Amino acid sequence: MSQVTIQITSDFICPWCFVAERRLSHIIKKLTKTISFEIIAQPYELNPTLSTKGLNRKIYRSQKFGSWENSILLDKKVILASTEDDTNFNFEKITVTPNTNKAHRLIWYIQQERKAEQLKALGAIFSGYFTDGRDIGQTEVLADIISPLGFKKDKLINFLNSNEGKEEVAAQEKKANSLGIKGVPHIEINGQSTYGAQPQRIYEQLITKTAKNSETNKLVR
C-alpha cells in the first residue's frame, strides 16, 4: 500500500482552513483503502497577540475588513463556495473571535497521545467554532469538543490549564515562518505545497500522483 504524508498548516478562525480540512477529509476517506495516510497538523496563529479572552467578533471583523457589511459579504462568499463541502457555516452563531493558542496546543497533545486522531480533532474544533459558534479559546469548551473522540475530559482540562506544549507549539510556528509560510491554509502533500482551499479534484490528483510516484520509487530501489 502506498503511503502519503499530508501536512496541514492552518488556524481555527480561518474559514478557508475549515473548507480545506473538509475537502481533504472527504478525499482521504475515499482513497483510504488503497493509500495509507500520515497526517501532520501544524499550528498557525493569525492573531497571536489577541487576548486570551478573545474579542467581540463584530468589532474584530469590522476593524479587519473595514465594516461589518464587508465582513458579512465575505462570509457569504465562503458559504457559496463551499456548498458541497459539508462545512455547515453558521456565522450568525459566532460572537467571539478567540485566541487559538490553546486549540493548537490541544492538537499538539493529541499528536503525542493518539496521532491518528489529528484529522478528526481538527474537524471537531473547526465545526465547534464555525458550525456551533462555540468559543474555542476556552478550556472547558475545547475539552467538551474533544472528549467525545475518546479522551478523558478531566485530563484534557489539566493539560490545557498547564504550560505543557507551549514551547513546542511556538517552535512549530517559528518553523512555519522560517519555511516562508505566510498564510493559511497551507497543505503539503508528500513535499508538494499548495496554498488556499483547493478543489477536491486537485487534492485527489496530487495525492494519487504522489502515491504513484512513491510506489515507482520503491520499485526502482
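Modeller: A residue is called buried under 20% relative accessible area, exposed over 50%, and partly exposed in between, with a 1.4 Å probe and protein chains only. This is a predicted model, in which local features need pLDDT of at least 70 and side-chain atom pairs count only at pLDDT 80 or more, while totals for chains, interfaces and linings use all residues. Residues are numbered from 1 along each chain as its sequence is written, and side-chain values use heavy atoms, with hydrogens and water left out.

Biologist: Why does E21 count as buried?

Modeller: The relative accessibility of E21 is 2%, which falls under the 20% limit, so E21 counts as buried. E21 lies in helix α1, where a helix is a DSSP run of H or I with at least four residues, a strand is a run of E with at least two, and both are numbered from the N terminus. Leaving aside residues up to four places away in sequence, E21 touches L119, L122, G123 and F126; contact means heavy atoms within 4.5 Å.

Biologist: What makes helix α6 mostly covered?

Modeller: In α6 (residues 139–146), 6 of the 8 residues are buried. They are T139, V141, L142, A143, I145 and I146. Their cover includes α4 (101–113), α5 and α7 (153–160).

Biologist: How do you know how compact the protein chain is?

Modeller: The chain contains 9 helices and 6 strands. Its radius of gyration is 18 Å, close to the 17 Å that the globule rule gives for 221 residues, so the chain is as compact as a globular protein of that length. The radius is taken over C-alpha atoms, and the rule is 2.2 Å times the number of residues to the power 0.38. Along the principal axes, the C-alpha atoms fill a box of roughly 55 × 40 × 35 Å. Of the 221 residues, 48% count as buried.

Biologist: What makes a space in this model a pocket?

Modeller: On a 1 Å grid over the protein atoms alone, a pocket is an open set of points with protein on both sides within 12 Å along at least five of seven lines, and lining residues have an atom within 4 Å of a point. The largest pocket has a volume of about 370 Å³, a volume being the space filled by probe spheres set on the points. Of its 19 lining residues, I13, P15, R61, K64 and F65 are the closest to the centre. The largest share of this lining, 5 residues, comes from α2.

Biologist: Which classes of residue form the lining of the largest pocket?

Modeller: That lining has 13 nonpolar, 2 polar and 4 charged residues. Ala, Val, Leu, Ile, Met, Phe, Trp, Tyr, Cys and Pro count as nonpolar, Asp, Glu, Lys and Arg as charged, and the others, Gly among them, as polar.

Biologist: Which residues lie nearest the centre of the second largest pocket?

Modeller: They are I39, A116, E117, L119 and K120, from a lining of 14 residues. The volume of the second largest pocket is about 280 Å³. Its lining divides into 6 nonpolar, 2 polar and 6 charged residues, and α1, β2 (35–43) and α5 each supply at least two of the lining residues.

Definitions and conventions: 1 Å grid on protein atoms, 1.4 Å probe; cavity = no way out; pocket = protein on both sides within 12 Å on 5 of 7 lines; lining within 4 Å.
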